[in-house]
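Let me put the structure up, and then I'll walk you through the side chains.

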Amino acid sequence: MNNPEEDRFRALFHVSFRADEDGGPSFDHVWAAASLRHHRHQVRVRLAQWTALAALLVVGAFILLHAPSQSRSTVATTLPWRSAVLLSEWRAPTDTLLSAPESAPLSFELHP
């Protein structure tokens, strides 16, 4: 069933294929360049990860070393029973405004 036209098209296809193949870069060269780019990218990503981890460790160490330390003596003096005024003895500064003198009863007058 081979038609002479098919053979001629097949031969033209092979000629065209070989011309394209000769003009293009070799597969090995392209693969090696892509592999090198991928390797460099992986190295950059790992370097960025390690840098971020190191930065986190430095910041964490700085926070832990510079955290305000409370001694037991300062905690003991801030307890309510050690303070100068207990909460049960405290009076608001505006309490005097709310207390009316006992001699003068409160009266409300309505003006029309």
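This is a predicted model: local features need pLDDT of at least 70, side-chain atom pairs count only at pLDDT 80 or more; totals for chains, interfaces and linings use all residues.

So, Phe13: its relative accessible area is 54%, and because the cut-off for exposed is over 50%, Phe13 counts as exposed.

Who does Phe13 sit with? There are two aromatic pairs in this structure. In one of them, the ring centres of Phe13 and Phe17 are 6.4 Å apart and the planes are at 25°, so we call the pair stacked. Both residues are in helix H1, and they are four residues apart, so about one helical turn separates them. Phe17 has a relative accessible area of 41%, which means it is partly exposed.

Now the other pair, Phe27 and Trp31. Here the centres are 5.9 Å apart, and with the planes at 25° this pair is stacked as well. These two belong to helix H2, and since they are four residues apart, there is about one helical turn between them. And are they buried or exposed? Exposed, both Phe27 and Trp31.

As a reminder, side chains of opposite charge can pair when their charged atoms come close. How many salt bridges does the structure hold? Two.

Take Glu5 and Arg8: their side chains meet in a salt bridge, 3.5 Å from N to O. The two are three residues apart in helix H1, which covers residues 4–23, and that spacing is about one turn of the helix. Glu5 comes out as partly exposed because its relative accessibility is 39%. Arg8 is at 47%, so Arg8 counts as partly exposed too.

Arg8 lies over the face of Phe9, 5.6 Å from the ring centre.

For reference, the cut-off is within 4 Å. Again we're in helix H1, and because Arg10 and Asp7 are three residues apart, about one helical turn lies between them. Arg10 has 45% relative accessible area, so it is partly exposed. For Asp7 the value is 39%, and that makes Asp7 partly exposed.

Next, jump over to helix H2, residues 27–65, where you'll find Leu57. Together with Trp50 and Leu53, Leu57 forms a nonpolar patch on the surface. How much accessible area do those residues have together? About 370 Å². Leu57 itself is at 57% relative accessibility, which means it counts as exposed.

Last bit, zooming out to the whole protein. What share of the 112 residues is buried? It's 0%. The accessible surface comes to about 11400 Å², and 65% of that belongs to carbon and sulfur atoms.

Notes. Residues are numbered from 1 along each chain as its sequence is written. Side-chain values use heavy atoms; hydrogens and water are left out. Patches are made of residues with over 30% relative accessible area and no salt bridge: like charges are joined within 9 Å, nonpolar side chains (Val, Leu, Ile, Met, Phe, Trp, Tyr) within 5 Å. Accessible areas come from the Shrake-Rupley method with a 1.4 Å probe; for residues, only the protein chains shown count as cover. Buried means under 20% relative accessible area, exposed over 50%, partly exposed in between (1.4 Å probe, protein chains only). Rings of Phe, Tyr and Trp (its six-membered ring) pair if their centres lie within 6.5 Å; planes under 30 degrees apart count as stacked, over 60 as edge-to-face and the rest as tilted. A charge sits over a ring if NZ of Lys or CZ of Arg is within 6 Å of the ring centre and within 35 degrees of the ring normal.
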